[in-house]
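This briefing sets out selected features of the structure shown below. The points are grouped by topic.

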Amino acid sequence: MGFKRFILLLIFIFSLTPSQGQQSSNSIFESNLVVKQWNNQTGLPQNTVFDIDKDAIGNLWISTEEGIVRFDGSKFKVYNGGTNPDFYSNLFNMLSASPNGGIWASNPMELVHIDSLVNVYKFKFYSNENKITCFEEDKDGKLWVGTDSGNIYHLNHRSKSIEESNVKLDAPVNFIKSLSNGLLIGTTNGLYEYLPARNELKYFSELGPINITAITVDNEQSFWIGSQTNGLFHIKNDSVIQFAERNGLKENFIIALDISPTGEVLIGTSSSGLQVFKDGKLSDFQVKGFDFNDIKSIFFYSDNLLWIGTSGSGLYLLRKAEVQEIPEDIHLTGNVILPIFEDKNKNIWIGTAGNGVNKISSNKIEYFSKENGLSNGVILSIYGSDEAIYIGTANGLNEILLGSSTINKVYTEKDGLASNIIKAVYFSSGKTLWIATRSGGIHYLNGGKKIIQLELPEFLTNAEFNSFFEDMDGNIWIGTKGSGLLIIDENKEIKHVSLTGRLRNSDILSFYEDDKNTIWIGTDKGLIGFNDDAYFILNKENGLKFSEIYNIIEDHNNFLWLSGNQGLQNFHADELERVKFEENAIISVRLFNANNGMKNEEANGGVFPAGWRLSNGNIWFPTVEGIAVIDPDVIEYYKEASNVYIEHIKFANQVYTRINNIQVPSGTVNIEIEYSSINFTDPGAINYFYRIKELDMDWENVGNRRVGYFTILEPGEYTFEVKSELFGAFSKPKAFSFAVVPFFYQTLWFKAIILFSIIALSILALDYFYRRKKGVELADLVERRTSELKRSNEKLKVAFKDIEEQNIKLKEIAWIQSHIVRAPLARLLGVVDLLSYKKLEDKELKNLFVNLKVSGEELDSVIRDIVRKSEEVIKDSEK
Amino acid sequence: MKILSVIVDDDDLVIYLHKVVLEEAGFNAEDIFTAINGKEALEVLNQSVQDDYNKCIIFLDINMPVMDGWEFLEEMKNRIHTIPTFIVMVTSSVNIEDREKAKSVNNVIDYIEKPLTISKAENVLKLFKDI
C-alpha cells in the first residue's frame, strides 16, 4: 500500500510541476519568443542567407549571394569582391567556423578563410562541370571539398592549394559531414560513408538514391538526413525511420537541419516553414512574428538564441523572451488580471476584472465567480490568513476556508465595514486580518470574527486606501491615494504622515523595506525612501525608466522589480544605497517591455497585491492581458555584458585590423579606434568607457558610441583601454598599444648629430684661437685698425638705434592697421552685410545703428592715433 | 550629422553677427555656442555637451583678453577630443604672419578675415563636411 502511494505521489509531482510556471528549464520550443529580423535595409548585403555559424569568440557569420557577413549584434562587416578584390565570386553557399580559428566559406570557384587576415584558395580544377558545392573540416583539421562532378578534393595547408583526393563518387556531392572515424557524404544519388583509414566507401542502400540536402548528427551519434523529395530520415543503430508528408511532415523538401542544445531536431523546409522533432514526434513550430516559410538555414547559437536564414527575407533571430507567460495549458477566466496571491499551500489565487477568481493548484484550476457564490466578479484584493483566503471585491469580502472550495461567508457593511468596496486585505505577523475599504474604512478582524473599525481623523473619512505593508518592527503601513500614509503600531495607535511639496497628492501603491531599514514607497512620482532623519527620491531623473510605480518586488538575486504601465523595470537593491549617499546618483535600470516578450506592456496597479513572488522564485505581475512571468535566473544580468573587442585603428585614411606594432606618425590629426561587443539581445543598452592610460585620463563614458577619436602630438608609447557596461555590470577592459613616432627633429639620432656637430665646431673654434695666439706680430696692426673701426662703429650704432626705434613704431602702426583699424571696420562691413540680407525688427535695427556709430567713432579715434604716431616717427627721423 | 559650433570672440556685436551668418549658412541655431575668450571656450568644450554631437567646429578670434586665440590653440594641442574637432580662425588681422602661423597648427582648417559672410561660412560648412 505504502509503496503504491509513493508511486502515485511521484507521478503527481512529476506531471504537475510545469503548471507552477517553472519556465527556466524549458527549451526554446516551450518558451515565449521574441523575433527580430535583419535584411538588406538593415545591414545585410543581400536577403538570401545560405549558411550561419559562430566563431570562437561568438561573432555570428552568415553567407549570402553577395558575400560573407560578420555580425556582432550591432555591426555588420561584409566581405565580398568590393572589400576583397581577390574574390572571384560573391556567391558563398557554405560557411563553417574552424576549430582552429577563423571561419571557412566556399563559393563555386574558391575556398576562403577569414581570420584577422583573409586568405583565398583558388580551385584550379574549376570548370562548368566541376564546381565546389560543399566542404567540411574533419577532426584532424583536414579540409574536404565536395564538387558537383562527384570528385572530392582536399586542401593542402602546406602548399596552400586544393588537391585531388582518391575519393570519387558517381553523383554530385551536396553535403559532407565529419564523423569520429570518417565522413558522411550526401549526394544527389544517396548517402555514403567514407572511412579514410581503410579507404572504404560504404553506400546506405536502405535510403536508396535520394537527393540529399542536409545532414546533422545528434548527441546520440544518430544521423538525421534531409532530402529534396523524400522527406527526413533518422538513422540510428542501423535502423532507418522515414518522415514524409504522409506521416506528418509538412513538406518533403528539407533544406536545413540543426539539433538544439536541449536535443530537439529543428527541421527547415523549402517552402513550408519550420517543424520540430521532440519527445519522439513531429510538431509544428509556430512563432508569433515569424511567419516566413522559405527557410534556407538554421543555427542554434545557444539555449536562448536561434537564428533562421531565409530565402529572400534575410536573417531572423528567435530569442527566448525575458518575460514569459504562464503555461498555455492554464486557461484563466478573463484577460485583465488584478491581484495575485500565493497561499501557504502553494495555491496561486488570481483575481480578474469582472471574471472572478482563478485558483491554480498543483493539479487543477478552480474558478470562483458569482455562479458559485462569489459576491462580485471584480476582484480588488486577495490575501490569506492561517485558516482562510479572503477575497475583496467591489461588493463585499468573501471568506473561503483553506481546503474548501466554497464561499464560507461574505462580510459587508452589515458586518461593520465602512464600505462594500474592499480595496485591500492583509494578514499581519500579529495574526490580525486587516481590511481597507472605500469611505475611509480601516478595519481588523479579531479572533472572534468580529469586524472592528479604527477611528480615523476627520479628514481621512473619504480617503482611498491602496496597499498594506508591515515593517521589521511590526508597524502596519497603509498607502493612500493622495492622502499620505498611515502607520499603525502594535497598540493600534495611528500616525498620519502627509507628503508635501511636489510629492503632495502622491498615489502610494506599494512598499519595500531595504536591509538598512529604510522604507521605500512606490508612488506615481517615483520611489520615496524614508529614514529616521532623511528622505530620498528616486525617479526618472535618477535613471528609472518610468516613475509611476505600481508594485515593488525583490527577487532572490536581490534585484528589485518595479511594475508600471510602461512595463517592468529592475535594478539591484544595492543601488538604493547610492541614491541615499550620492547626490544626483544615476542608477543602472533595465526596462522590460514588448521587446522582452511582454504581451502587453501595461501592468495593473491599485489592487492588492499587484504581483507576487512565488515560492519557486518566479515573480508574477498582473497585466491588462494576462500575467507577466519573471524567472530571475533566466535574466542573464552579467553574462551578456562581459565582452568588448577592439575592431581596428584608423588614421590618415588607413585602417589597421591587426593591431600590433602600430606606429602613428607624430601630429596625426584624429586617430580613430573602433571597438564593439558581441551582444544579440541588448546591444543598444551597452555603455562604453575608454581612456589612454599614459595620459592619466579618467575613464571617459562615451555612451553607446563604438569609436574613439584622439589627437596625440607627443611622441611615445600609448595604451588605449576600453571596457563595456550593461545593466550595471562591467566587462574586463581590453587594451592595445600603439606608438606615436617622432618627427625627424624629435628623434634621438637627430639630437645626437646636433650634439656631435656642436662638439666638432667647438674643437675647430678652439683650434682657430690657438693658431691666432701664435700670430702675435699681427696684433699691433690689428689693434690700430680696430680702434678706427670702433669709432665708426659707435656712430653706426647710434644711427641703427634710431632706425630700430622708428622701425618699432612703424611695426606698431602696421599692427594697429591690421588689428585695431580692421576690427571696427570689419564690424561695420559685417553690419552692412547683415542689413543687406536680413529683415530686422525695429529694436534690432536701432541697436545696430548704435553699434554702427560706435564702430565709426572708434575707427575715427584709431585713425587719429595713427596719424599722431606717424608724425612722431617723422619728427624723430628729422632730428 | 549633428555639428557643435563654438564662436569665440570678445566683441558682443561680432558674436551676434557671426551667429546670424552661421544660421543663414545652414548651421543649426541650437547647436551654436559662444564664448568671449579662449578660457571660456575651453569651459564650453569641457562641458559634456560634446556627447550629443558628431563633429565640432570652433570659430576663433585671435585678439581677446584673458586667453587669446594663440594661447587657446596651444591649450587645444594636447587635449583629447571626444569628437573630431576643427578650428576656423576668424580675425580682423590681414597680417600674413598671422595667417602662416595659424596654418601651421593642426586642426586649423581655414583662416577667414572679418567680416564673416554667408558665402564664407557656407564654404567652411562644405569644407568641414568633406573632412
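A residue counts as buried when its relative accessible area is under 20%, and as exposed when that area is over 50%. On this basis A:E110, at 0% relative accessibility, is buried. The model is a predicted one. Chain A has 879 residues, and 51% of them count as buried.

**Chain A overall**

- The secondary structure of chain A consists of 5 helices and 66 strands.
- Among the contacts in chain A with a separation of 6 or more, 49% are made by residues 24 or more positions apart.

- A:E110 belongs to strand β8 of chain A, which covers residues 110–114.
- Because its relative accessibility is 0%, A:E110 falls in the buried class.
- The side chain of A:E110 is joined to that of A:K122 by a polar contact of 2.6 Å.
- Leaving aside residues up to four places away in sequence, A:E110 touches A:D86, A:F87, A:Y88, A:S89, A:A105, A:V120, A:Y121, A:K122, A:F123 and A:I132.

- Strand β22 of chain A, residues 254–259, contains A:A256.
- A:A256 counts as buried because its relative accessibility is 6%, which lies under the 20% cut-off.
- With residues up to four places away in sequence not counted, A:A256 is in contact with A:A214, A:L266, A:I267, A:G268, A:K296, A:S297 and A:I298.
- A:L274 is 18 residues from A:A256 along the chain, and the C-alpha atoms of the two residues are separated by 9.5 Å.

**Sheet β34-β35-β36-β37 of chain A**

- Strands of a sheet pair through backbone hydrogen bonds, in either a parallel or an antiparallel sense.
- In chain A, 4 strands in the order β34-β35-β36-β37 make up an open sheet with antiparallel pairing.
- Its edge strands are β34 (379–384) and β37 (409–411) of chain A, each of which pairs on one side only.
- Neighbouring strands of this sheet are turned against each other by 20° on average, with direction ignored.
- Strand β36 of chain A (residues 396–401) pairs with β37(A) in the antiparallel sense over 3 bridges.
- A:L397 has A:Y411 in β37(A) as its bridge partner.

- Strand β57 (residues 645–651) and strand β60 (residues 671–676) of chain A pair in the antiparallel sense over 5 bridges.
- A:I649 stands opposite A:I673, a residue of β60(A).

**Helix packing in chain B**

- Helix α2 (residues 38–46) and helix α3 (residues 69–77) of chain B pack at an angle of about 35°, and their axes are 9 Å apart.
- The residues of α2(B) in this contact are B:G38, B:A41, B:L42 and B:L45, which meet B:F72, B:E75 and B:M76 in α3(B).
- By class, the contact between α2(B) and α3(B) comprises 5 nonpolar, 1 polar and 1 charged residues.

Technical notes
Residues are numbered from 1 along each chain as its sequence is written. Chains are lettered from A and ligands numbered from 1 in the order in which they are written. This is a predicted model: local features need pLDDT of at least 70, side-chain atom pairs count only at pLDDT 80 or more; totals for chains, interfaces and linings use all residues. Side-chain values use heavy atoms; hydrogens and water are left out. Helices (H or I, at least four residues) and strands (E, at least two) are DSSP runs, numbered from the N terminus. Buried means under 20% relative accessible area, exposed over 50%, partly exposed in between (1.4 Å probe, protein chains only). Contact means heavy atoms within 4.5 Å. Two strands pair if DSSP finds at least two bridges between them. Axes are lines fitted to C-alpha atoms, for helices over the stretch in contact, and angles run from 0 to 180 degrees between N-to-C directions. Ala, Val, Leu, Ile, Met, Phe, Trp, Tyr, Cys and Pro count as nonpolar, Asp, Glu, Lys and Arg as charged, and the others, Gly among them, as polar. A polar contact is a pair of N or O atoms within 3.5 Å; within protein, one must be able to donate a hydrogen and the other to accept it, and residues adjacent in sequence count only if both atoms are side-chain atoms.
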